[in-house]
Amino acid sequence: AKYTIVDMETCIACGACGITAPTVFDSDENGLSFVTLDNNQGTAELPEELFYDVEDACFGCPTESIKIADEPFNGNPAKAG
Ligand code: F3S
């Protein structure tokens, strides 16, 4: 399984991920992105059909704020994947 989370400390609200993978990423009132699936906890298994969009969003993020791992993040984007 794959999990994703946004490091909202480094996100600069560029908005690219929300365009690439709108089902997974939305932005808060400050424009910072978060994962819709689990309120940015990184605990929801990514549905397989969404994974490639998330991977694209990860590669496209200018600040490398989108993290992907094989294990749940449990709210901590710094957790090694
Ligand atoms: Fe933020 Fe990166 Fe998305 S800067 S809005 S997480 S593409």
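Where in the chain is Pro 77 found? Pro 77 is found in the segment after β4, where helices (H or I, at least four residues) and strands (E, at least two) are DSSP runs numbered from the N terminus. This is a predicted model, in which local features need pLDDT of at least 70 and side-chain atom pairs count only at pLDDT 80 or more, while totals for chains, interfaces and linings use all residues. Residues are numbered from 1 along each chain as its sequence is written, and side-chain values use heavy atoms, with hydrogens and water left out.

**The segment after β4**

- Not counting residues up to four places away in sequence, Pro 77 touches Ile 5, Val 6, Asp 7 and Lys 67, a contact being heavy atoms within 4.5 Å.
- The C-alpha atoms of Pro 77 and Asp 53 are separated by 19 Å, with the two residues 24 apart along the chain.
- Gly 75 also has its place in the segment after β4, and at 34% relative accessibility Gly 75 counts as partly exposed; here buried means under 20% relative accessible area, exposed over 50%, and partly exposed in between, with a 1.4 Å probe and protein chains only.
- With residues up to four places away in sequence left out, Gly 75 touches Ile 5 and Gln 41, whereas Gly 75 and Asp 56, 19 residues apart in sequence, are 22 Å apart from C-alpha to C-alpha.

**Salt bridge**

- The count comes to one salt bridge, the rule being a side-chain nitrogen of Lys or Arg within 4 Å of a carboxyl oxygen of Asp or Glu.
- In this salt bridge the side chains of Lys 2 and Asp 70 meet at 2.6 Å, N to O.
- Lys 2 lies in the segment before β1 (3–6) and Asp 70 in the segment after β4 (66–69), so the pair ties together parts that are 68 residues apart in sequence.
- Both partners are partly exposed, Lys 2 at 32% relative accessibility and Asp 70 with a relative accessible area of 47%.

**Nonpolar core**

- The largest nonpolar core has 14 residues, and those with the most contacts inside it are Val 6, Val 24, Phe 25 and Ile 66; such a core is a set of buried Ala, Val, Leu, Ile, Met, Phe, Trp, Tyr and Cys residues joined through side-chain atoms within 4.5 Å.
- The largest share of this core, four residues, comes from α2.
- Leaving aside neighbours within four places in sequence, Ile 66 is in contact with residues including Val 6, Phe 25, Ala 57 and Cys 61.

- Asn 39, in the loop between β3 (33–35) and α2 (48–60), has a phi near 55 degrees, a positive value in a residue other than glycine.
- Asn 40 lies in the loop between β3 and α2, and its phi is near 60 degrees, again a positive value in a residue other than glycine.
- Most residues other than glycine have a negative phi.
- Asn 39 counts as exposed at 59% relative accessibility, whereas Asn 40 is buried, with a relative accessible area of 8%.
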